[in-house]
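Okay, everyone, let's get going.

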Amino acid sequence: MSWGVKGLTVRFDEHLALAGISLDVPEGRVTGVVGGDGAGKTTLLRCLVGALAPDSGEVLRPDARRIGYLASSSGTYPDLSVEENLAFVSRTYGVSPREARERVAEYLERTGLAEARDRLAGNLSGGMRQKLGVIRAMVHRPELLVLDEPTTGVDPVSRADLWWLIARAAAEGAAVVLTTAYLDEAERASWLLALDDGRPLAEGTPDQIAEAVPGTI
């Protein structure tokens, strides 16, 4: 199954935030959207998950319960522990207690959060909160996983852990789409859409986009 948007246009008063953007997000693939501040990345993701209605265009997405979404903040509950955050989300999405325990244990162990399972989310470092946020978004194994700049401001070790989670979600069959302003991060995606001021600059594999740019990279 492939999700995505076609001919998406969004205006905020007189400002054209997105101008006829199209993007396929197929299952089992990590799709990246790259661009600077104000390029329209967050607006595109908000339309994709149903948080913002476009002025025109089509959006194809699964039922809301089959979407995992990490907004530009970690989206965690600061007054709940790591384990309580994940238990709450698991129950909300109807994940059985046995499945939830197995998935949570694996994700926490692999990302170095196991020893912090009883710590309040509000007391975690920035990188740990981001990892918890991604786990929260994917613990119910969504068909569409949408991550808004999940690695911004995160240390290199935590970034590696986050990319393990992202790759794991795609390997389990999720259609993954994420935004980033980091070019080295963008190279990790299988397919890229580059945006500038709400308009598409280039689309293709990282190698195809690099080859289309004149000069030396």
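So, arginine 103: leaving aside residues up to four places away in sequence, it touches Val95, Val139, His140 and Arg141, where contact means heavy atoms within 4.5 Å. Arginine 103 sits in helix α3; helices here are DSSP runs of H or I with at least four residues, strands are E runs of at least two, and both are numbered from the N terminus. Buried or exposed, this arginine 103? Buried, at a relative accessible area of 10%. The cut-offs are under 20% for buried, over 50% for exposed and partly exposed in between, with a 1.4 Å probe and protein chains only.

Quick housekeeping. This is a predicted model, with local features needing pLDDT of at least 70 and side-chain atom pairs counting only at pLDDT 80 or more, while totals for chains, interfaces and linings use all residues. Numbering runs from 1 along each chain as its sequence is written, and side-chain values use heavy atoms, with hydrogens and water left out.

Staying in α3, that helix also holds proline 97, which is exposed at 56% relative accessible area. From the C-alpha of proline 97 to that of threonine 111, 14 residues along the chain, the separation is 21 Å.

Zooming out now. We have seven helices and nine strands. The radius of gyration, 17 Å, is close to the 17 Å from the globule rule for 217 residues, so the protein is as compact as a globular protein of that length. That's computed over C-alpha atoms, and the rule is 2.2 Å times the number of residues to the power 0.38. The C-alpha trace spans about 50 × 40 × 30 Å along its principal axes. Of the 217 residues, 47% are buried. And if you take contacts between residues at least 6 apart in sequence, 69% of them join residues at least 24 apart.

On to the inside. Which residues touch the most other members of the largest nonpolar core? Val30, Leu108 and Val176, out of 38 residues. By nonpolar core I mean buried Ala, Val, Leu, Ile, Met, Phe, Trp, Tyr and Cys residues joined through side-chain atoms within 4.5 Å. Elements that each supply at least two residues of this core include β3 (30-34), α3 (97-110), α5 (156-171) and β7 (175-180). Apart from that core lies another, of 24 residues, with Leu8, Ala17, Leu144 and Val146 among them. Back to Val176: its contacts, beyond four places in sequence, include Val25, Val30, Leu145 and Ile166.

Among the buried ones are Lys41, Thr43 and Cys47.

Speaking of phi, most residues other than glycine have a negative one. Aspartate 13 has a positive phi, near 55°. It's in the loop between β1 (2-12) and β2 (15-26), and at 75% relative accessibility it counts as exposed. Aspartate 197 also has phi near 55°. Its loop runs between β8 and β9 (199-204), and aspartate 197 is partly exposed, at 41%.

That's my tour; over to you.
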